[in-house]
Amino acid sequence: MCCNGVLFGDVALRPGDSARRLAAAGLTMFRKGRQRCFSQPCACFDGRACRIYDERPQRCASFECRLLQRVQSGRTSAAAALRAIAQTRRCVERIQELVRELGHTDEQVPLNLRYAAILAQPIELAGPENILQRRRELAEVVELLTQMLELQFLA
Ligand code: SF4
C-alpha cells in the first residue's frame with residue numbers, strides 16, 4: 001500500500017537520489033515546488049513487489065509503516081499484522097470497485113484523489129438510486145479506510 005497510491009500520492013526524492021537514473025528506471029518524475037518527486041501509483045510497482053528494489057529511492061528504503069514498527073518492537077504479532085493488512089486491503093478493493101462503478105476509471109491516479117473527486121461532486125438527490133447508494137457506501141468505506149490507515153500504517 002506504500003507503493004500503489006493508497007498511502008501516498010507522491011514521494012519526494014532525497015539528497016543522494018539520482019533523478020536521472022530513477023527516471024531511466026521507469027519512475028514518473030515531476031517537480032513540487034523545489035522538490036523532485038515521483039508519482040504514485042509507482043510505475044516500478046508490479047502489483048506485489050518493487051522492480052528496482054536494489055536501486056529504490058532512499059525514502060522507500062527507509063520508510064517503515066507503524067504496523068511494521070509495532071511488529072519489530074513486539075507490540076503486535078505478525079499474525080495480527082497480517083490480519084490488519086488483509087482487512088485494509090479488502091477495504092481498498094471495495095473502494096476501487098466503487099470508484100470504477102462511479103466512473104473514475106484512470107488507475108494511474110492515486111486512489112485518494114479519485115475518491116476525493118467523486119465525493120466532492122454535488123449530490124444529485126433526484127439521480128438514480130443505485131448511484132446514490134454507491135456514493136453513500138463509498139463515503140462510509142473511505143471513512144473506515146482513513147481510520148485504518150491512520151491507526152495502523154501512517155508512521
Ligand atoms: S520505487 Fe519501489 S519501493 Fe519505491 S514506491 Fe516504487 S515500487 Fe515502491
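Because the model is predicted, local features need pLDDT of at least 70 and side-chain atom pairs count only at pLDDT 80 or more, while totals for chains, interfaces and linings use all residues. Residues are numbered from 1 along each chain as its sequence is written, and side-chain values use heavy atoms, with hydrogens and water left out.

The protein has 6 helices and 3 strands (DSSP runs, H or I of at least four residues for helices and E of at least two for strands, numbered from the N terminus). Along the sequence they come in the pattern β-α-β-β-α-α-α-α-α. Of the 155 residues, 29% are buried (under 20% relative accessible area, with exposed meaning over 50% and partly exposed in between, for a 1.4 Å probe and protein chains only).

The strands make an open sheet in the order β1-β3-β2, with antiparallel pairing (two strands pair if DSSP finds at least two bridges between them). β1 and β2 (29-32) sit at the edges with a single partner strand each, so one side of each has no neighbour in the sheet. Between β1 and β3 (residues 35-39) there are 3 bridges, and Asp10 stands opposite Ser39 in β3.

Asp10 lies in β1 and Lys32 in β2, so the pair ties together parts 22 residues apart in sequence. Elsewhere, Glu107 and Arg114 meet at 3.6 Å, N to O; Glu107 is partly exposed at 35%, whereas Arg114 is buried at 2% relative accessibility. Arg136 pairs with Glu129 at 2.9 Å, and Arg94, Glu97 and Glu137 are linked in a network of salt bridges.

Asp17, in the loop between β1 (10-12) and α1 (19-25), is buried but has no salt bridge: the nearest side chain of opposite charge, Arg21, is 5.6 Å away (Lys and Arg count as positive, Asp and Glu as negative; His and the chain ends are not counted). What the Asp17 side chain does have is backbone nitrogens beside its polar atoms, that of Arg14 at 2.8 Å and that of Gln58 at 3.0 Å. Leaving out residues up to four places away in sequence, Asp17 touches Leu22, Pro57 and Gln58 (heavy atoms within 4.5 Å).

Note on methods. A salt bridge is a side-chain nitrogen of Lys or Arg within 4 Å of a carboxyl oxygen of Asp or Glu. A polar contact is a pair of N or O atoms within 3.5 Å; within protein, one must be able to donate a hydrogen and the other to accept it, and residues adjacent in sequence count only if both atoms are side-chain atoms.
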